[in-house]
Amino acid sequence: MTILCVRFQLPPTGGADLPHLLGMLEEFTPVVQALPPDGALADLRGAERYFGRDAVELASVIRVRSLALHGVDCVIGAGPGPMLARMALEDAAPGVTRTVPGEPDAIAEFLADKPVAALPGVGTATARTLGDYGLDTLGRVAAAPLSTLQRLIGAKAGRELRKKANGVDRGRVVPNAVSRSLAAERPFGRDELDPDRHRRALLSAAEELGARLRALEKVCRTLTLTVRYADRSATTRSRTLTEPTAHSPALTRTAYGLYEALGLQRARVRAVALRAEGLDPADQASHQLTFDPVDEKVRRIEEVADRARAKFGPRAVMPGGLGGAAA
């Protein structure tokens, strides 16, 4: 095993700790890819040779350091490629690294009874279509004729699905700059069905991100929404903003747009998270001038609210939609 997939068990307000935790991973390997809002992939091929330990042994060291230095436990999956490491993570438990051996027979055994939806990149619609024809496990998909899969979901998608169902994992870990992003997560005390409470949590997260960006004198170019469900699955969507911004109302509108585009119907949501990505200095960002006096007034009010929060705490000033709630 050379790839680790790590999910840090951050506290509800732990988004700010993620860059430090990912920096800890970079002490083992420079090939670290952040997986917002609380995880990462790490390619340990060079680290195994350097430290003289295999990936599972290094995973134990990573877990101990995470607890000792940051007070954060983590769940770790290990496999010969990113896809298999991610799938191993879903079977992992705190304190034990779930591994997928690199031998073809072992990979086939690991995948055989998995539902199709367990494969990264397979959505509910594709899984439902395949399930209608009895192709509800990866073992059955792997054994199905390629022509059948292509007829059901398309030529390219069918070809890729069959390769992955047979354990062909050609993905790679793409290093990214963890310092160029900020995250805010809002978990629910129980699995939440109410869309109004989902939107309320998004409003709270967007307000936090906006305030933190402005405090750092940064703007972001992309906003990413992650929705975690009761079955431990998650959906992630990103959108590039019309202009780089740290303006909370603009972040909130984008977050609402991402959420509505998911078309969730009675989804049991466990947590929502927003990540601001592509951070740049605010003084280098362009801003489209407007003749709308309301926009300028809102921005001036935002500046005053930031000063009040800096002096009296983050809950000193908040949107009316969050009044009286600990969102």
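**Note on the predicted model: sheet, cores and helix packing**

1. A hairpin of 3 residues connects strand S2 to strand S3. Helices (H or I, at least four residues) and strands (E, at least two) are DSSP runs, numbered from the N terminus. The model is a predicted one, in which local features need pLDDT of at least 70, side-chain atom pairs count only at pLDDT 80 or more, and totals for chains, interfaces and linings use all residues. Residues are numbered from 1 along each chain as its sequence is written, and side-chain values use heavy atoms, with hydrogens and water left out.

2. Two strands are taken to pair if DSSP finds at least two bridges between them.

3. How many residues of strand S3 are buried? For S3 (residues 39-43) the count is 5 of the 5, so the strand is largely enclosed by the rest of the structure. Buried means under 20% relative accessible area, exposed over 50%, and partly exposed in between (1.4 Å probe, protein chains only). In a regular strand the side chains alternate between the two faces of the sheet. In S3 both faces are covered, with Gly39, Leu41 and Asp43 buried on one side and Ala40 and Ala42 buried on the other.

4. Gly39 has a relative accessible area of 4% and is therefore buried. Not counting residues up to four places away in sequence, Gly39 touches Val6, Arg7, Leu18, Leu22, Gln33 and Ala34, where contact means heavy atoms within 4.5 Å. The C-alpha atoms of Gly39 and Leu18 are separated by 8.2 Å, the two residues being 21 apart along the chain.

5. The largest nonpolar core has 30 residues, and Leu209, Leu213, Leu225, Leu251 and Leu274 have the most contacts inside it. At least two residues of this core come from each of strand S6 (181-192), helix H10 (195-216), strand S7 (218-229), helix H11 (248-262) and strand S9 (269-277). H10 gives the most, with 7 residues. Apart from this core lies another, of 24 residues, including Val6, Phe8, Ala42 and Leu44. A nonpolar core is a set of buried Ala, Val, Leu, Ile, Met, Phe, Trp, Tyr and Cys residues joined through side-chain atoms within 4.5 Å.

6. H10 and H11 pack with their axes 8 Å apart, at an angle of about 145°. Axes are lines fitted to C-alpha atoms, for helices over the stretch in contact, and angles run from 0 to 180 degrees between N-to-C directions. Among the residues that meet are Leu202, Leu209 and Leu213 in H10 and Leu251, Ala255 and Tyr259 in H11. The residues of this contact comprise 11 nonpolar, 4 polar and 4 charged. Here Ala, Val, Leu, Ile, Met, Phe, Trp, Tyr, Cys and Pro count as nonpolar, Asp, Glu, Lys and Arg as charged, and the others, Gly among them, as polar.
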